[in-house]
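Please keep the sequence and the structure open while reading.

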Amino acid sequence: MNNKFIPILSVFMTISLVVFVSMQFYWLKEYYASLEQEFANKVHTALENSAQKISEIEVSKYNEKFKDFDKTLASNAKKPTLFTVQQVQDSLSKTTLSFGKTIIEKQDIPISQKGDSITKFKLYKDEGMYDFKKNPTTPQIISSIQSQDISSGQFSLTEFAKFNATNLPINQRVDKKILDSVLTRELKTQGIDSKFGYGILDKKNKLTAISNNTYLDQKDKKNYTYPLFTDKEDKILYTLSLVFPRKDASLVKNNLPMLLGTFMSLLTILGIYIISINYMMRQKKISEVKTDFINNMSHEFKTPLATISVATDSLNNDKIASNPEKVKYYSKLIKQENLRMKKQVENVLNMSKLERNEMKLFLKETNVRELIKEISKSFRLIVEERNGTLTEEFKAEHYLVRVDEFHLSNALINLLDNANKYSPETPEIKISTRNESNWYIIQISDTGMGMEQQNKTKIFEKFFREETGNIHNVKGQGLGLSYVKKIIEMHKGQIIVESEKGKGSIFTLKLPIT
C-alpha cells in the first residue's frame, strides 16, 4: 500500500466509524425511550387496575357492614324517599341521570337493665349526577352493567361508600398489606417483576402514612401516579404513586439479547477499525523500515563495490599488472570485499530461512567457555583499534552445553559488534558467564549510548534500528538482534535486555543445561 494513501484512508475510516457509532447510539437511545414508554404504559395499566381493586375492596367492606343494603335499595327502588332517578337529554346529546338518596340507619341503644332503650336514627342524604355521552345520530341507552348496577342498588352502595368514607383518614380506608399484594399481582400481570416502592399522596401532594421503605428511600426518583379516591364531585382525594429503583436494570435484563447483540456488533466494528488502523500503521512502518533497510544495504554494498571497482581498474593498469606484489594486494582486496558482501547477503538469507522455519540447528555438546574465549580473542583486536577494552569474567562452573557452534558464535559476534558500534567513544565491553539453576548465563555489557525504554522490545524486530541522528552513522541492516533472538529461542533459551539512555546496555543470554 502506498504510504501517501494511508492517512487519507485512515481519515475516511475514522469518519465512517464516527457516523456508524453515532447512528448506533441514536438507535439505542430511541430504542430505550420506546422501552421506557412501554414500561410506563404497563405501570399505568397496573395502577389503574389496582386503584379500581382498592375501591372495590372498600365497597365490599361496606357491604359486609351493611348487610342486605343493596337488597333493601332494590326492593324500595320506587320509593321517592329512598332513591330517585331523573333522565334528561340536553342539546349536547348527553343523557344525564340525576339521583337522590335518603338513607336511614336505625340503632337501639339500651339505657337500663329493665330493657329500656333509646332509638337513634342516622340520616344519610346525597344527590348527584351521572352523565352518559350519546351519539347524535344513534340512540344511546344505558349499558346493561350500568342498568343492572342502578337496579340492584350496587350503584347506590358505591356512592354511599364514597360519601361515607370521604372524611375518613387514609389508613382507615387502605390496608398496607392488601395494597402491596394488589400492586404486586397487577404488576406481575403486566410482566413487571422489578422491585417497587409505593406511597399514597393526599390532595396537597404530601406523602401519607401509607408507604413502604423503598418509596421513602427512592421518592426523589421518577414516579408513576394514578388517582386513588375521589369525592362526590369527582375531585381527587388521594393519589397512588410508584417508584422503581431498579427500573433500568430491569429494562436491560428483559431486553438483554437485543442490547447484547447491538453492543457486540458495535464492539466488532470498533475492533475491526482498531485492527485495520493498526495494520495500516504497521504496514506504513514496515514500508519505511524496508526503505531504510534498502538504503542501508545500498550503503553497505556501495563501499565494497567501489573498492572492487578501483582494484579492478588498478589491475588493468600495465604498471601494476607487471608488479606481482601489487597484483597480489589488489586480488586480496577484491576477495576481502567480495566476502564482505557475501556475508551481508547470507545474513539476509539466514533471516529469511529463520522466518520460514527452514533453518535447522546442529546441536552438540560444546565447551562454551572456550568458544567465547576464541570469539573474544579475535574481536578484541577490533575493540583495541579504538583504544577500547574487552574484559572477560568466567564464573560458570558448568559450561558444557548442547549448542550449534556456528549460529551461537554469530549471535555472540552480533552482540559484541553492536556493543562496539553503539559506543560513540572508547568502548568498554565486558563478557561474563555464570550458572543459575539449570541455565548457562552469558552477559555482554557496554557503557555506550544505551537506548530509550520504549525501544527495548522493538530492537528485536526485523529491520529496526535505534535512531542516532543519521541513519548511516552506524552501519547495519537492523537484522542482527532479530537473528540473535531467533537463534537463542531455537536453543530453547531466553534473551533479556537492560538499558538506560546514555549509560549503556546489558544483554543476557540464558541457555538450558541438559
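What follows describes salt bridges in this predicted model.

Counting a Lys or Arg side-chain nitrogen within 4 Å of an Asp or Glu carboxyl oxygen, the model has twelve salt bridges. Among them is the contact between Arg380 and Glu392, whose side chains meet with an N to O distance of 3.4 Å. This pair joins distant parts of the chain: Arg380 belongs to helix α12 (residues 368–384) and Glu392 to strand β9 (residues 389–394), twelve residues apart. Arg380 has a relative accessible area of 22%. Because buried requires a value under 20% and exposed one over 50%, Arg380 counts as partly exposed. Glu392, at 32%, is likewise partly exposed.

Strand β9 also holds Glu393. The side chain of Glu393 forms a salt bridge with that of Lys395, at 3.8 Å from N to O. Glu393 is partly exposed, with a relative accessible area of 29%, whereas Lys395 reaches 57% and is exposed.

Which other residue does Glu393 form a salt bridge with? The partner is Lys430, and the closest N and O atoms of this pair are 3.5 Å apart. Lys430 is partly exposed, its relative accessible area being 33%.

Glu393 takes part in both contacts, with Lys395 and with Lys430; Glu393, Lys395 and Lys430 are therefore linked in a network of salt bridges.

How values were computed: Residues numbered from 1 in each chain as written. Predicted model: local features only at pLDDT ≥ 70, side-chain atom pairs only at ≥ 80, totals over all residues. Heavy atoms only, no water. Helix = DSSP H or I, 4+ residues; strand = E, 2+ residues; numbered from the N terminus. Buried < 20%, exposed > 50% of the residue type's maximum accessible area, 1.4 Å probe, protein only.
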